[in-house]
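Please report on one helix of this model and on the pockets around it. Keep it brief.

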Amino acid sequence: MSRMPPGPGSWPGPPLGGDPSGTIASFGLRAGAFVIDLALLNVVGYFLLAGTGPDAGLALAFAMELGYSLVLLSSPAGQTVGMRLVGIRLVDAHTGGRVEVTHVLMRFLVAIASRLLCLLGYLAMLWSPAGQTWHDRVAATYVVRAPRR
């Protein structure tokens with residue numbers, strides 16, 4: 001079952017359209033993309049951070065994940081490597097297009113807070129009518145199925 005974002009007059013903005021690119025991504029697709037990205041960051045981090053102390057390693061890992069998110073999610077494609085592989089992308093809730101860097105930053109910080117709270121903010125999409133996590137709501141974004149190229 002595909003769900004569409006709320007229509008006009010509903011928070012946070014207009015529908016993204018009736019085509020497959022506007023359908024809200026399922027929890028399973030989003031979880032799959034997250035696992036792929038996490039695995040990729042861990043493999044790269046293992047080689048880049050080898051030999052650093054625990055404090056420096058944690059700071060560098062945080063910076064690496066932040067940079068990865070900011071660069072890829074604010075790009076016109078709005079996709080991390082994991083999102084591209086599973087066929088989803090991040091869009092602005094109001095325009096259906098590219099997400100601004102400041103919104104990606106807000107989204108990232110709330111996602112980190114959600115991880116510290118036992119992933120509760122991620123699970124919130126399961127009972128959200130618009131299929132949004134806490135970080136999607138704060139940043140006014142949706143994760144939608146990506147059009148096939």
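## Helix α4

Helix α4 covers residues 101-116, 16 residues in all. From first C-alpha to last it reaches 23 Å, close to the 22 Å expected at 1.5 Å a residue (1.5 Å times one less than the number of residues). Helices are DSSP runs of H or I with at least four residues, strands are E runs of at least two, and both are numbered from the N terminus.

This is a predicted model, in which local features need pLDDT of at least 70, side-chain atom pairs count only at pLDDT 80 or more, and totals for chains, interfaces and linings use all residues. Residues are numbered from 1 along each chain as its sequence is written, and side-chain values use heavy atoms, without hydrogens and water.

## Its buried side

Val104, Arg107, Phe108, Val110, Ala111 and Ser114 are the buried residues of α4 (under 20% relative accessible area, 1.4 Å probe, protein chains only). They pack against α1, α2, β1, α5, α6 and β2 (contact: heavy atoms within 4.5 Å). After α4 comes Cys118, with a positive phi near 60°.

## The largest pocket

A pocket is an open set of points on a 1 Å grid over the protein atoms alone, where a 1.4 Å probe fits, with protein on both sides within 12 Å along at least five of seven lines; lining residues have an atom within 4 Å of a point. The largest has a volume of about 540 Å³ (space filled by probe spheres set on the points). Of its 27 lining residues, Arg30, Phe34, Arg115, Tyr122 and His135 are closest to the centre.

α1 gives the largest share of this lining, 8 residues.

Definitions and conventions:
Buried < 20%, exposed > 50% of the residue type's maximum accessible area, 1.4 Å probe, protein only.
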